[in-house]
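Work through the exercises below with the model open beside you. Try each task before you read its solution.

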Amino acid sequence: MASDFPTQARVVVIGGGVIGCSVAYHLAKRGWKDVLLLERKELTCGTTWHAAGLIGQLRATQALTQLAVYTAGLYEGLEKETGQAIGYKRNGSLSVACDHERFEEMKRGASMASNCGLEVQVLTPAQAKEKYPLLRTDDMVGAVFLPRDGALNPIDVTRALAIGARQNGVRIVEQTKVTGVTVANGRAVGVKTDKGEVRAEYVVNCAGLWGREAGAMAGVAVPLHASEHFYVVTEPMPELPKNLPVLREPGRCIYVKEDAGKLLVGCFEPVAKPWGMNGIPEDFAFGTLPDDIDHFQPHLESAMHRIPALEKAGLQTFFNGPESFTPDDRYLLGEAPEVKNFFVAAGFNSIGIQSAGGAGKVLADWIVDGRAPMDLWDVDIRRMLPFQVNRKYLHDRTIEGLGLLYAMHWPFRQVESARGARKSALHDRLAAANACFGETAGWERANWFAPRGAKAEYEYSYGRQNWFPHSAAEHRACREATALFDQSSFAKYLVQGKDAERVLNHVSCNDVAVPAGRVVYTQWLNKQGGIEADLTVTRLDEQRFMVVTSAASQRRDLDWLERNMPDGAHCVATDVTSAWATLGVMGPKSRELLQSLTPDDLSNAGFPFGTSREIDLGYARVRATRITYVGELGFELYVPTEFVQGVYDAIVAAGGKFGLRHAGYHAMNSLRIEKAYRHWGHDIGPDDDPIQAGLGFCVAWDKPQDRQWGGFIGREALLGKRGKQPAKRLVQFAMESDKPLLYHNEPIWRDGKRVGYLSSGMFGHTIGRAIGLGYVKAEGECTADFVLAGKYEIEIARDRFPAKASLKPMYDPTSARIKA
């Protein structure tokens, strides 16, 4: 071992690209100076060095936009701080559209940008040409301009971050390969390198292209795969203006950047070329991949169409280099669920430069403070499932994933590649019923059902898509008769042990100390009172409980429970999702239907709302739970997987005279939003507390505190808010006209002032208009009077439409129907 090579550090960062340098920089800014960054070759030598260096601020979600905005601001002061020039020019970015639906997508994005405080301009083709004189505009519909976007030199900005880190005490060691991660008692405690071992309290995987392999060293799933990425650089163009904005034309898959009197033209093509299937060569550094002119040529021709001056420009450089992509095109951030103190920041999907500042800051805050500083669910590594590191799955998804960056982001758009990974035991039966499947957490789920003879395929648009009337019929069947949902994808945990009740009452804000056979709706809170999970807890017997949550939260919620189990607790949680299929039988005739199939008493007196018990159904013993997410009388049936086909067949055979209809997740969403039921990850999350979210009825303020562990997590924070008016409230909105459609992120205007945005939206087929949920914020107290006294409009693609607000569910506000 080299005598000056460190043998210990508080934090070891693996990888010296822009992400690793940003994490180290921000840790040092927080006062953690005992940080060691290890780079296998030289700084930036993986993918950072060949990045285009675009700094766009408007991303797909509010959270990602906030992080990108921080990044843009950080870079503005970095040269002054470190003395390293980074070539940062904020000439703006111009996105152009050549069809009306693409323009609507851009205008909806512009509306969202205004929520985040971004300056944004919607332009005519003529105005766009003023910003970019080289443009051909005769076939354009419009454009969107963000004046504070820009571009920079990626190598130089990484050097600046490294300088800033070193100035604050960080040690950076190049030419050092990490060969292993040391894990003891479920915690990362160091790394092995080709120069020796380093003990550490924290290990951060910023290994970029090698992120999956670095994760595997610790037994952590890091799903990412490399893809070839192409661009060309022209020879100098004397007539080129020096202040051109970055140009994007997503419809032609291209972006263009002015670079020292030349143009850089790149693409995100719809059929990409995965790379590195057999591993990345040991000596790969500042590496390039073979040219493929034929692959790139159509996109170069598209660029020439938009910028005719390119036809006369010579090409100086043809570049092909690898970038890493994740299964859902969002990066991976946070503490790994498999190993404590092992953090990940990888898989940046070609937006690493514009994301590095924000990602580095929030991850550093997460490490130092022991919690995420904001709602980061969009990029939380816990959204990924272990199967997603499967090499064939990643290869096949990457073919599509790169192009999805510039593809139309249609409402309800489904991925087409690497499908069929997870199927319920009823999949073939639902397919025979003409289901159209979507994907969530790898599950194939029936989103809607087409009539016999019709194709069960999406036809996308921003208007009423082809499935709209079919889903409406499913919605009405649930309101008027009976609907059958396959809810097998819901995550299920068995929590058992002599301390199971104590642990769940410590984690839950509601009281789960109920008799066996009762189900409790509750939230799990963080210490600040924010909502980390939204789920049900069913008591099976004295020492056993079943927790049910959403498919997307399967890993996250189990991780939260296990991390918050007090030391020494006699309690274990087991994921039993695959063991239990779930059927939702919902609607005013659901009781009659099920009663015809079982000798057990399902009457209101014999089986009141909130009851859960085993019944006979078909040839099976089924756990029937009387609860609903659609706002109707109904039962969730938990069936051992090997029995569910028989149970399903019995229900379908008997369902005709009770108006039974198959229903999918689009109908479930429209039904729940009419009833103003919240959805974790959209309407509620770590930055929202139960009081703001209108869920105060779920808080058991006075339940006994544990003799050893105290009150439930978040109780002290909530007590400080009890009896006070919140600064924001979750409100239900209904459009006054039945024409506009809502999805999410639409700005909310009250008396001509923007006061929030919609967290979710769907057409309510019973109410007959689009319904949305969103937080209304006040400058002071957000009282009920304040909310209801306002005149509201919802902004859709830069136009405003009148809406009515309500603090009570617009459908069945007293819940009489679900308790009938």
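**Exercise 1: the cores**

Task: Which residues have the most contacts inside the largest nonpolar core?

Solution. The largest nonpolar core holds 53 residues. Tyr-75, Val-204, Tyr-331, Leu-333 and Leu-363 have the most contacts inside it. A nonpolar core is a set of buried Ala, Val, Leu, Ile, Met, Phe, Trp, Tyr and Cys residues joined through side-chain atoms within 4.5 Å. Buried means under 20% relative accessible area, exposed over 50%, partly exposed in between (1.4 Å probe, protein chains only). Elements that give two or more residues to this core include helix 1, helix 2 and strand 11 (196–205). A second, separate core has 35 residues, among them Val-181 and Ile-280.

This is a predicted model: local features need pLDDT of at least 70, side-chain atom pairs count only at pLDDT 80 or more, and totals for chains, interfaces and linings use all residues. Residues are numbered from 1 along each chain as its sequence is written, and side-chain values use heavy atoms, without hydrogens and water.

**Exercise 2: two helices**

Task: At what angle do the axes of helix 1 and helix 2 cross?

Solution. Take helix 1 (residues 18–29) and helix 2 (residues 62–82). Their axes come within 14 Å and cross at roughly 75°. The two helices are therefore roughly perpendicular (65 to 115 degrees). Helix 1 makes the contact (heavy atoms within 4.5 Å) through residues including Tyr-25. Leu-74 is one of the residues on the helix 2 side.

**Exercise 3: one residue**

Task: Is Arg-171 buried or partly exposed?

Solution. Find Arg-171 in strand 8 (residues 171–173). Its relative accessibility is 37%, so Arg-171 counts as partly exposed.

Methods. Axes fitted to C-alpha atoms, helices over the stretch in contact; angles between N-to-C directions. Helix = DSSP H or I, 4+ residues; strand = E, 2+ residues; numbered from the N terminus. Parallel < 35°, antiparallel > 145°, perpendicular 65-115°, else oblique.
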